[in-house]
Amino acid sequence: MPRTVPLSIAVFVVGALLLSGCGATDSSNSAGSNKSNVATGQDGFEDVRKLAAQLGTDAAPGEFPRAVRNLVANGEVGETVIPAKPERVIVLDTGELDNMVSLGITPVGIAHPADSGMAPDYLDVGDAVDLGSYDALDLEQIKNLEPDLILGTSLRIDDDDLKRKLQEIAPTVLSPRPGVLWKQNLLLNAAAVGEEARAKKLLDAYEARAAEVGDAVVEANAGKAPTISMLRFMAGRIRLYGNDSFIGIVLADAGLPRPKTEAVDELAVEISAEEITLAKGDWLLWGTYGKPDATEQAAVVDGPLWDKVPAVAAGRVVHQVADETWYLGLGVAGAELVLDDLNAIAAAQR
């Protein structure tokens, strides 16, 4: 069994917009009632940046065995010992998948959100095995793949008993959550596989390009940075994404401001269809998670209030974006594709 060494840390409290997703498992090979939906939260994630700053490794480049500090339980940092450079990696969400492929590693198994396929179209996953939803993991299937490393987030693997069971199968490294920590997660995942230098190079290149694309957007908008509204339709909810999200981080790196409603240190602001005019950005970029028919997309976009949304009413940029990159990319390859889209949108305004 891989060794984990608990360390004492403070327990954080979740922000009001994040919903609890904790469950329990039984002692069988099923993940039981592990519950975690896309873009939800749980107790212990108010100050995730401070938590993420404690994670990583002190090992020298390329040195194995190595101990990697990560979340071994909800609100508990510990060390997972990785005896040798991993060759058979299982990933339990899109961000970890993006990170591994970006680092030149094709996972042997992939878990994913319940309403999406095994992998986004922009990633080549070779012969990887589809492990199904991370809400209903088959531990026997994972064990049969003989992994030497499992990567995920504590948000998705939100049951401590499930965390323990995964550690019994293979060394398991978990970050706090996807989205807002996507850059820190790349570095943590890289620490687990001994590719820290490559990860830093990828991030440096991304951040330089983000600044360039931000400048291109400003130039296309007559020399003024437009405020950007990020609207997303989901089954049963409509969201305006805030600063503490994957896309919020990308826009911040590009130096692009948000309208007041969305300039909040939260994942998102949830609105009703009747509140759609709260999307007050100079530019409106919108996407849909899952099947559009399961959301209020058509009712809103084809409805009477759409023409009153500021960007629509003023004839400014209103553009539908790909959900699998802008909201579900969660890694550096996805972020680069967001920058591609932003650059193309800017070019179309010149």
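Author: One cut-off to start with: a residue is called exposed when its relative accessible area is over 50%. Keep in mind that this is a predicted model.

Now the sheet. It is open, has five strands and runs in the order β12-β11-β10-β13-β14, with mixed pairing. The edges belong to β12 (268–271) and β14 (318–320); each has a single partner strand, so one side of each is left without a neighbour in the sheet. On average, neighbouring strands here are turned by 25° against each other, direction ignored. Zoom in on β10 (residues 228–234) and β13 (residues 283–288): these two pair in the parallel sense over six bridges. Along that pairing, F233 stands opposite T288 in β13.

On to the loops. Most residues other than glycine have a negative phi, and most peptide bonds are trans. A222 isn't a glycine, yet its phi is positive, about 60°. With a relative accessible area of 78%, A222 is exposed.

E146 does something along those lines: its phi is positive at about 50°, although E146 is not a glycine. You'll find E146 in the loop between α3 (139–144) and β8 (149–153). Its relative accessible area is 59%, so by the over-50% cut-off E146 counts as exposed.

Last, the peptide bonds. The one from F64 to P65 is cis, with omega near 0°. P65 sits in the loop that links β2 (56–57) and β3 (66–73).

Conventions
Residues are numbered from 1 along each chain as its sequence is written. This is a predicted model: local features need pLDDT of at least 70, side-chain atom pairs count only at pLDDT 80 or more; totals for chains, interfaces and linings use all residues. Side-chain values use heavy atoms; hydrogens and water are left out. Two strands pair if DSSP finds at least two bridges between them. Helices (H or I, at least four residues) and strands (E, at least two) are DSSP runs, numbered from the N terminus. Axes are lines fitted to C-alpha atoms, for helices over the stretch in contact, and angles run from 0 to 180 degrees between N-to-C directions. Buried means under 20% relative accessible area, exposed over 50%, partly exposed in between (1.4 Å probe, protein chains only).
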